[in-house]
Amino acid sequence: MTTLMDYDTLMQANLARVFGEHDPVRRIEAISGLYAADATLYEPHAVARGHAAINAAVTTLLAGLPPDFVFTAQGPAVGHHGLARLRWNAGPAGGPAAVTGMDVAQVDRGRIHALHVFIDPANA
C-alpha cells in the first residue's frame, strides 16, 4: 500500500517557516523538521548543503530584501513521485509582486532532499 504525500503542506511550510522566517533560530528549527540532514538548496547562483548552510543562505537572501517583503504562494503546491513544485511571489505585504518564481523539491519520506529555486525573468 502506498502512502500519499501531502506536498502542499510541506511546500507551504517551507515557504512560510523557512523563507518567511527572519529569526535564524526559529528558521533552523523549521529546516530541521522539513529538510533531510543532507539536503541541498540550489539557488540560481549558489548551492548550500546541510541545515546550517541552508539557514545561512536564507539569512543572506532575506538580508538583501526590503524588510517589508513577504513570500506568498500562488496557489497550492502540486507533486507526485517524489517531486513537488510551488509557484510564489515576493514583494511588499499587500503590494504588487516584485519577484516571482517557483520552488521544485525532491522529497523522500516526507522531507525535502533537494530544493531548486527558480526566479522568473523580470517582466515575465
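## A tour from the whole chain to single side chains

Start with the whole protein chain on screen. Among its contacts (heavy atoms within 4.5 Å) between residues at least 6 apart in sequence, 43% join residues at least 24 apart.

This is a predicted model, in which local features need pLDDT of at least 70 and side-chain atom pairs count only at pLDDT 80 or more, while totals for chains, interfaces and linings use all residues. Residues are numbered from 1 along each chain as its sequence is written, and side-chain values use heavy atoms, with hydrogens and water left out.

**Stop 1: the whole chain**

Switch to a cartoon view. The chain has three helices and seven strands. These are DSSP runs, numbered from the N terminus: helices are H or I with at least four residues, strands are E with at least two. Trace the chain along its sequence and the pattern reads α-α-β-β-α-β-β-β-β-β. The radius of gyration is 14 Å, close to the 14 Å that the globule rule gives for 124 residues, so the chain is as compact as a globular protein of that length. That radius is taken over C-alpha atoms, and the rule is 2.2 Å times the number of residues to the power 0.38.

Show the C-alpha atoms. Along the principal axes they fill a box of roughly 45 × 30 × 25 Å. Of the 124 residues, 35% count as buried. Buried means under 20% relative accessible area, exposed over 50%, and partly exposed in between, with a 1.4 Å probe and protein chains only.

**Stop 2: the loop between H1 and H2**

Select glutamate 21. It sits in the loop between helix H1 (7-19) and helix H2 (24-34). Is glutamate 21 buried or exposed? It is buried, at a relative accessible area of 17%. Set aside neighbours within four places in sequence, and glutamate 21 contacts Ala16, Arg26, Arg27 and Leu62.

Next, select arginine 26. Its side chain meets that of glutamate 21 in a salt bridge (3.2 Å, N to O). A salt bridge here is a side-chain nitrogen of Lys or Arg within 4 Å of a carboxyl oxygen of Asp or Glu. Arginine 26 is partly exposed, with a relative accessible area of 48%.

Aspartate 23 counts as partly exposed at 26% relative accessibility. Show Glu21, Asp23 and Arg26 together: salt bridges link them in a network.

**Stop 3**

Select residues 83-92, strand E5. This strand and E6 pair in the antiparallel sense over eight bridges. Strands pair if DSSP finds at least two bridges between them. Find alanine 90, which stands opposite valine 99 in E6. Then follow the hairpin of E5 and E6, with six residues between the strands. In its turn, glycine 94 has a positive phi of about 75°.

Now select residues 111-119, strand E7. E6 and E7 also pair in the antiparallel sense, over eight bridges. Pick alanine 105; its bridge partner in E7 is leucine 115. The hairpin of E6 and E7 has two residues between the strands.

Which residue in this hairpin takes a positive phi? Select arginine 109, where phi is near 55°. Arginine 109 counts as exposed, at 79% relative accessibility. Aspartate 108 is partly exposed, with a relative accessible area of 33%. Across the model, the salt bridges come to three.

**Stop 4: aspartate 103**

Finish in strand E6 (residues 99-108). Select aspartate 103, which lies in this strand. Aspartate 103 is buried yet has no salt bridge. How far away is the nearest side chain of opposite charge? That is arginine 87, 11 Å away. Lys and Arg count as positive and Asp and Glu as negative; His and the chain ends are not counted.

A polar contact of 3.0 Å joins its side chain to that of aspartate 103. Such a contact is a pair of N or O atoms within 3.5 Å; within protein, one must be able to donate a hydrogen and the other to accept it, and residues adjacent in sequence count only if both atoms are side-chain atoms. Beyond neighbours within four places in sequence, the contacts of aspartate 103 include Met11, Asn14, Ala84 and His116.
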